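Read it next to the sequence and the coordinates.

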Amino acid sequence: MKISTRGRYGLRLLIDVAQNRGDSPVTLREIAERQNISEPYLEQVAIALRRAGYIRSVKGAGGGYLCALPAADVRVGDVLRLLEGDMSVVDAPIPGADESPYRATLREALYEPLDRTIAEVLDRKTLADLLYGSSAGYGDYCI
Amino acid sequence: MKISTRGQYALEAALCLAANRGSRLSTREISERTGISAGYLEQLFIPLKRDGVLDGARGPRGGYLLARDPEKISAGDVLRSAEQNVAVVPCVKGEGLCAKEGDCIAQRTWVELDRAIAARIDSVSLADLARAFDARYNGAVP
């Protein structure tokens, strides 16, 4: 039951860009160095985050990435679902395939409640919570 | 973020035994009921026996049963035994695996998530799961 490097690095990228206080764009090279993550890998994650509207890129000399949303509006659960895909702890049943009664029971009595627990933890957390410990009063872009 | 096949199969086999109310089942019987191959079950039972989840022996006169009261065995016990490590990220135990540890903001979220998962899987016992099984199938295995 692991969060992949894609999800973990994506979150660290957002944290790094947000901690930059919004003045000048941050390059992936800087993030890669600070976060000790390979730049080509970071690039793939940055593309997904840009397409989804979490960060925007500034072209040219002095270019790089800036946050595109207020940190209080970035839910950790949404970022992870974007980068990881399906966050449920087991795959959905294959349509038409027989499931053993034990598996069906576990789905109902363990896996589905566990999925809800995980979603609750991740969806009540925003990037602002991570940066400042609370969402209150941090509506500004990338403070 | 998936529970491994190994972890799922271990839970299915443990629930099969819990639902059987204390009488022994051979690997072949567990295999027929769960659809998990007997060979895989034998592999799976090595850590489960070592960690005090199951008792039993292979062979014609063998058979398996839960090693303890199913009220006292949690889903977390079974998962941790089968998967060895259920941490959501490698760094939740603070073993110094990452240079950023200590001032990593993301790590706090992972630790919180890991605790919430542990609390959930430890709060569900095999007896709870057996009751859910009975409620679902009225005691009759379909």
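Helices (H or I, at least four residues) and strands (E, at least two) are DSSP runs, numbered from the N terminus. On that basis, the elements of chain A run α-α-α-β-β-α-α-α from the N terminus on. The model is predicted: local features need pLDDT of at least 70, side-chain atom pairs count only at pLDDT 80 or more, and totals for chains, interfaces and linings use all residues. Residues are numbered from 1 along each chain as its sequence is written, chains are lettered from A and ligands numbered from 1 in the order in which they are written, and side-chain values use heavy atoms, with hydrogens and water left out.

**Chain A overall**

- Chain A has 6 helices and 2 strands.
- Its C-alpha trace spans about 60 × 35 × 25 Å along the principal axes.
- Chain A has 143 residues, and 48% of them count as buried. Buried means under 20% relative accessible area, exposed over 50%, and partly exposed in between (1.4 Å probe, protein chains only).
- Take the contacts in chain A between residues at least 6 apart in sequence: 64% join residues at least 24 apart. Contact means heavy atoms within 4.5 Å.

**The hairpin of chain A**

- Strand 1 (residues 55-58) and strand 2 (residues 64-67) of chain A pair in the antiparallel sense over 4 bridges. Two strands pair if DSSP finds at least two bridges between them.
- A:Ser57 has A:Tyr65, in strand 2 of chain A, as its bridge partner.
- The two strands form a hairpin with 5 residues between them. In the turn, A:Gly60 has a positive phi of about 85°.

- Most residues other than glycine have a negative phi.
- A:Asn36 has a positive phi, near 60°.
- A:Asn36 lies in the loop between helix 2 (28-35) and helix 3 (39-51) of chain A.
- A:Asn36 is exposed, with a relative accessible area of 59%.

**A buried glutamate in chain B**

- B:Glu42 lies in helix 3 (residues 38-50) of chain B.
- B:Glu42 is buried, at 17% relative accessible area.
- Leaving out residues up to four places away in sequence, B:Glu42 touches B:Thr27, B:Arg58 and B:Tyr64.
- With B:Tyr64 there is a side-chain to side-chain polar contact (3.3 Å). A polar contact is a pair of N or O atoms within 3.5 Å; within protein, one must be able to donate a hydrogen and the other to accept it, and residues adjacent in sequence count only if both atoms are side-chain atoms.

**The interface between chains B and A**

- B:Met1, B:Lys2 and B:Ile105 supply 20% of the area that chain B buries against chain A, more than any other three residues.
- There are 6 salt bridges between the chains. A salt bridge is a side-chain nitrogen of Lys or Arg within 4 Å of a carboxyl oxygen of Asp or Glu.
- One salt bridge joins A:Glu108 to B:Arg136, with the closest N and O atoms 2.7 Å apart.

Conventions: Buried area is the accessible area (1.4 Å probe) that two parts lose on being put together, summed over both.
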